[in-house]
Amino acid sequence: MATPTRTHRTGPAGSPPPVAPDHGGASRRSRLHRWDRAASPYLFVAPFFLVFAAFGLFPLLYTGWLSLHRVSLYNVDQADWVGLQNYRDLLFGPPSHFFWNALGNTITLGLLSTVPQLLLALGLAHLLNYHLPARGFFRTALLAPYATSVAAATLVFALIFSPEGGMANWLLSLVGAGPVHWEAGPWSSQFAVSVIVIWRWTGYNALIYLAAMQAIPRELYEAAAIDGASRWQQFRHVTIPELRPTILFTVVVSSIGATQLFGEPYLFGGQTGHQGGADHQYETLGILMYDTGFHHSMLGRASAIAWMMFGLLLLVGLANTLIARRLRSAQ
């Protein structure tokens, strides 16, 4: 009996035989697809982290290292280890008078500029929230001070508060008050610097408040109006409670800005701006850090001031977290 022979199946005449599927290639493509899905997000955000590491993290760590050394501006390669001596000198040593003076000036300037600024911004936002004529123009005009260069704005206000022929003294003369040497006195100079800060940032915060007000449901105002609430009562009992998170945000941001205040007092003082006035009467922590590092060439001590400013900002952030948590628990 003849054994059957195995026949091979072929395709149409002239066509090659079918090829077996390549399971290895499909597996490689699957692994590549999984790797692409897992790694692509990190590749997209990698430029940010590279820039942050180069211009944010590295300077932060480097100043921390410098703060533990005695380093001169003119010989950065020669660093002598002193440990926490720079911090002890700032808090308790001979330079402590300048540090505590700068810290006090930073706090008072922050209060003088932040509180009126946010109150004015809240009032302006409340007015612009209603249907006023030319609302678009006024909203745009609010951003003009923010878009103005800090150097240009400060120089203009330096002329306004000039003791000789300044507009501020001219207005005082109209009511019979004597001329004021705004830059010389501790409170008058801080008031003048605060006016510059208020002028620059009020409109910016007003637009933030306005955006938050427009997100408040109109039904709340309608219900309050039906209950007989006046505009002022609606503002107190509807607008303010709904704006608490936004108000807290602007308070924290303004506090951080006040801690880092540098351009306005530096330019307002002219030749003595690098030390916050002839008697350091409006010297902030930012100006003290600049003066210590670049005019006294003590980079180690200036770096210690920078890290103490960083610690102060962390305290502001911690206070923000605690207050926000308490507000959420109270709701």
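Student: What average pLDDT does the protein chain have?

Tutor: This is a predicted model, and 92% of the residues of the protein chain score at least 70. The average pLDDT of the chain is 85.

Student: How far apart are the end C-alpha atoms of residues 39-62?

Tutor: Residues 39-62 are among the spans listed as "transmembrane region" in the unreviewed UniProt entry. In the model this span is 100% helix and 0% strand. Its end C-alpha atoms are separated by 31 Å.

Student: What length does helix α11 reach from its first C-alpha to its last?

Tutor: Helix α11 covers residues 244-259, which amount to 16 residues. At 1.5 Å a residue, the expected value is 22 Å. The helix in the model is close to that expectation, reaching 22 Å.

Student: Which helices are included in what covers the buried residues of α11?

Tutor: The buried residues of α11 include Thr246, Leu248, Thr250 and Val252. Among the elements covering the buried residues of this helix are α3 (96-128), α8 (186-214) and α14 (299-330).

Student: Which elements give two or more residues to the largest nonpolar core?

Tutor: This core has 13 residues, and those with the most contacts inside it are Leu122, Ala125, Tyr209, Met213 and Leu243. The elements that give two or more residues to this core are α3 and α8.

Student: Which residues does leucine 122 touch, leaving aside those up to four places away in sequence?

Tutor: Leucine 122 is one of the residues with the most contacts inside the largest nonpolar core. With residues up to four places away in sequence not counted, Leu122 touches Tyr209, Met213, Phe235, Ile240 and Leu243.

Student: Is histidine 126 buried or exposed?

Tutor: Histidine 126 lies in helix α3 and touches Met213 and Phe235, not counting residues up to four places away in sequence. Its relative accessible area is 16%, and the cut-off for burial is under 20%. Histidine 126 is therefore buried.

Note on methods. Residues numbered from 1 in each chain as written. Predicted model: local features only at pLDDT ≥ 70, side-chain atom pairs only at ≥ 80, totals over all residues. Heavy atoms only, no water. UniProt positions renumbered as here; feature names shortened; annotations may be inferred. Helix = DSSP H or I, 4+ residues; strand = E, 2+ residues; numbered from the N terminus. Expected span 1.5 Å × (residues − 1). Buried < 20%, exposed > 50% of the residue type's maximum accessible area, 1.4 Å probe, protein only. Contact = heavy atoms within 4.5 Å. Core = buried A, V, L, I, M, F, W, Y, C linked by side-chain atoms within 4.5 Å. pLDDT = per-residue confidence, 0-100.
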